[in-house]
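The stops below are meant to be taken in order.

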Amino acid sequence: MRHIQSKIVMTTFNLSSFNPGPFILLGIPGLEQFHVWIGIPFFMFYIVALAGNSVLLYLISMERSLHEPMFFFLSMLATTDLILSNTCVPKTFSIFWLGPQEITFPGCLTQMFFLHYSFAMDSAILLAMAFDRYVAICFPLRYTTILTRQIVTKIIMGIVSRSFCIIFPCVFLLKRLPFCRTLIIPHTYCEHIGIARLACADISINIWYGFAVPVLTITSDLILIGISYTLILHAIFNLPSWNARQKALNTCGSHVCVILIFYTPAMFSVLTHRFGHDIPHSFHILIANLYVAIPPALNPIIYGVKTKQIREKIILHFFIKRPR
């Protein structure tokens with residue numbers, strides 16, 4: 001009898017280790033009665049993100065005047081925002097409107113990878129855009145010789161490779177874990193530590209890697225962005241005329257807004273997870289959802305409003321009727 005029980009336990013362990021059943025995403029525990037109403041703005045954010053980033057990509061690809069390093073990085077940001085939106089938001093408002101949803105283990109790992117990959121990509125792209133603005137303002141006469149097509153291509157490949165190398169180990173760190181508990185995730189999407197906490201094994205490696213490596217990487221990006229803008233401001237305030245200073249500041253305005261929209265909720269979420277033990281869990285999840293929904297929707301609007309070249313092309317393509 002003991003032999004049979006032991007065999008059943010081993011079979012369950014093996015199945016849970018290598019082939020866990022579907023996970024169940026609950027949404028925002030404690031706010032279930034408001035799910036339908038919360039889903040409405042999330043759906044609107046999703047539509048705006050799809051439309052806005054698609055328009056940006058269309059304009060940058062079609063207009064030769066926008067084939068500059070700044071707009072190449074902007075198109076990369078728009079692509080990453082589309083990946084982020086499509087990875088999380090549709091599942092989110094389906095949970096809000098239809099109730100808890102199942103997701104397979106491979107599906108959960110895929111969602112987790114693209115979620116964190118998009119986060120790492122966004123941070124690296126914002127750093128590249130800060131470097132672009134630094135060169136444009138501090139070395140305007142050498143801009144085209146410094147940021148050549150070859151250099152821009154290398155920067156883009158470095159961004160893609162670094163983000164992949166940071167996040168891909170998380171997949172293996174999760175696949176090695178045995179899952180033998182009820183696979184219920186009190187969230188609207190799969191993220192690394194949320195999945196790891198369901199495992200029946202020591203997850204200290206997951207915790208250390210999931211917190212230390214990405215946070216150190218994002219922190220280093222933020223420090224380098226800060227250094228870039230310190231040098232940019234120093235160069236701007238040394239310009240001889242007020243008009244020149246105003247023009248230089250305007251070229252950085254949209255990028256600074258996007259940086260604030262990206263890093264503020266992200267840092268707030270990290271700090272509240274570490275130190276905000278008295279803050280309700282539902283509030284943590286709501287902030288995490290706003291982070292994946294709002295920046296992809298606002299970024300194209302900010303660049304469309306504050307960037308003269310893009311604003312002019314939008315008016316030309318969509319609001320001025322061309323003669324037949």
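Predicted model: local features only at pLDDT ≥ 70, side-chain atom pairs only at ≥ 80, totals over all residues.

Residues are numbered from 1 along each chain as its sequence is written, and side-chain values use heavy atoms, with hydrogens and water left out.

**The whole chain**

Show the protein chain as a cartoon, and eleven helices and three strands can be followed; these are DSSP runs numbered from the N terminus, helices being H or I with at least four residues and strands E with at least two. Along the sequence their pattern reads α-β-α-α-β-α-α-α-β-α-α-α-α-α. Of the 324 residues, 43% are buried, where buried means under 20% relative accessible area, exposed over 50% and partly exposed in between, with a 1.4 Å probe and protein chains only. Among contacts (heavy atoms within 4.5 Å) with a separation of 6 or more, 79% join residues 24 or more positions apart.

**Annotated spans**

Next, select residues 37-59 and then 207-236, two of the spans that an unreviewed UniProt entry lists under "transmembrane region"; its positions follow the numbering used here, feature names are shortened, and annotations may be inferred rather than shown by experiment. Residues 37-59 are 100% helix and 0% strand, with end C-alpha atoms 34 Å apart. Residues 207-236 are likewise 100% helix and 0% strand, and there the end C-alpha atoms lie 43 Å apart.

**Helix H10 and its partners**

Select H2 together with helix H10 (residues 281-306), which pack at an angle of about 40° with their axes 8 Å apart; axes are lines fitted to C-alpha atoms, for helices over the stretch in contact, and angles run from 0 to 180 degrees between N-to-C directions. This makes H2 oblique to H10, since angles under 35 degrees count as roughly parallel, over 145 as roughly antiparallel, 65 to 115 as roughly perpendicular and the rest as oblique.

Tyr303, Gly304, Val305 and Lys306 in H10 meet Lys308, Ile310, Arg311 and Ile314 in H11.

**Asparagine 53**

Return to H2 (residues 35-62) and centre on asparagine 53. Is asparagine 53 buried or exposed? With a relative accessible area of 1%, asparagine 53 is buried. Beyond its neighbours within four places in sequence, its contacts are Ala78, Asp81, Leu82, Pro296 and Pro300. The side chain of asparagine 53 also reaches the backbone oxygen of alanine 49 at 2.9 Å. For a distance across the sequence, pick the C-alpha atoms of asparagine 53 and leucine 298, which are 245 residues apart along the chain and separated by 9.6 Å.

**Two stops in helix H3**

Finally, select threonine 92 in helix H3, a residue that is buried with a relative accessible area of 0%. Not counting residues up to four places away in sequence, threonine 92 touches Phe42, Thr188, Tyr189 and Asn289. Serine 94 also has its place in helix H3 (residues 69-98), and counts as buried because its relative accessibility is 16%. With residues up to four places away set aside, serine 94 touches Gly99 and Gln101.

Methods
Polar contact = N/O pair within 3.5 Å; in protein donor to acceptor, adjacent residues only side chain to side chain.
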